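Hello,

Here is the structure I promised to hand over. Please open it first, then read my notes below.

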Amino acid sequence: MHIKKNAVTMVEILRTMVAILCSLLMVFAIILLVSDQPFSALKDFLIGPLTSVRRMGNVIEAMTPLIFTGLSVTMLYRAGLFNLSMEGAFFMGAVAATAGALLFDLPPIINLIVAMSLGTVAGGIVTLIPGVLKVKCHANELVTSLMLNYVCLYLGLYIITEFFYDPQMNSNYSFLFADSMVLPKLFSKTRINTGTIIAFAAVGIVWLILNKTSFGYKVTLVGKNDTMAKYSGIDAGAVIIGSQLLGGMLAGLGGCVELFGMYQRFQYQGLPGYGWDGVLIAIVARYQAKYIPLAALFLAYLRIGADIMSRNTDIPFEIVKIIQAIMIVLISAQAILSRYRQKLVVKEAKELEEMGGKVNG
């Protein structure tokens, strides 16, 4: 069984790589057709992020929030619920962290920990709502979570403008945070901060929860077959609620890390979009926590490369949106390498059957 599992996993990774390669080839073809300087554009797109320390730092900075939302989606979806409120959870995490940073006057490190804890809890509460409505009222979590994102947006903006608005700013920005309310930088000439370390720690924790604990096993079983889980004596409702709470806390923590790592005040004017990006990250990573950093790094690299390309050539930044769209379609296409996967499974099933026959003989 171990051989079979590893082989199928490798096929899934190969399918993902083929889909990514096909999407990139399609985009390269588009660039060659529409650009007056296609080779310069391709060079900036592929190599641009590696040409300076600052640009490489930009890739890591862009990767960090994507890790949190990718983990959030992985946890939320593992229980079988299409909960899309991670966008609101990320946003409200930043709002709650802002409140904690400006309301309390605690010693520096303690104040930072308290503010981030508030943001983490706020994110968990957001994603918990669709989960509770699903379990208790059988409400469609897709609808409730999508609507909840807009509730979070306008509630968050109301809180900022009503209680923390800086009148000296022309936009709905909060007051400046204290100098101590910042995640320490790791490297000079970049904004890479300890939030990246927190992100990788979160990857390890989520992997352990999902793969090495009874709770993770229950979440997976409920997501695959909740009826079987109930007959096995598992409280499916409690498992669903727990997974939704944890998923939201990850998104909320991501909002805190992005806020205190990259900004000196709350300055979002709308939903930042990291939650939606998390869906793409989780899809590319096949909902496996250990692959989330690679998927996040890949998307961050594409975006920084596209930004450099758009500033230096006649190709717009929106080219990365085309890559994302094609990638999602191809990765979601079950037909890619499906025959090879089927042959592999059948072959290994026969081998296991033969081994079983020899043992019985």
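Helices α2 and α12 make a right-handed crossing. A crossing is right-handed if the near helix is turned clockwise from the far one by less than a right angle, and left-handed if anticlockwise. Helices here are DSSP runs (H or I, at least four residues; strands are E, at least two), numbered from the N terminus.

This is a predicted model: local features need pLDDT of at least 70, side-chain atom pairs count only at pLDDT 80 or more, and totals for chains, interfaces and linings use all residues. Residues are numbered from 1 along each chain as its sequence is written, and side-chain values use heavy atoms, with hydrogens and water left out.

Two packed helices are described by the angle between their axes and the distance between the axes. Helix α2 covers residues 38–47 and helix α12 covers residues 292–312. Their axes come within 7 Å and cross at roughly 145°. Axes are lines fitted to C-alpha atoms, for helices over the stretch in contact, and angles run from 0 to 180 degrees between N-to-C directions.

Which residues of α2 and α12 make the contact (heavy atoms within 4.5 Å)? From α2 come Ala41, Asp44, Phe45, Leu46 and Ile47. From α12 come Tyr301, Leu302, Gly305, Ala306, Ile308, Met309 and Asn312. By class, the contact has 9 nonpolar, 2 polar and 1 charged residues. Ala, Val, Leu, Ile, Met, Phe, Trp, Tyr, Cys and Pro count as nonpolar; Asp, Glu, Lys and Arg as charged; the others, Gly among them, as polar.

**Spaces inside**

On a 1 Å grid over the protein atoms alone, a cavity is a set of points where a 1.4 Å probe fits but cannot get out; a pocket is an open set with protein on both sides within 12 Å along at least five of seven lines; lining residues have an atom within 4 Å of a point. Grid points are joined across faces, edges and corners, and a volume is the space filled by probe spheres set on the points.

The structure holds 1 cavity of 30 Å³ or more. The largest cavity has about 60 Å³ of space. Helix α3 gives the most to its lining, with 4 residues. The lining has 5 nonpolar, 3 polar and 3 charged residues.

The second largest pocket has a volume of about 400 Å³. Its lining has 17 residues; Ala62, Glu258, Tyr274, Arg303 and Ile304 lie nearest its centre. Here α3 gives the largest share, 5 residues.

Best wishes

Definitions and conventions
Contact means heavy atoms within 4.5 Å.
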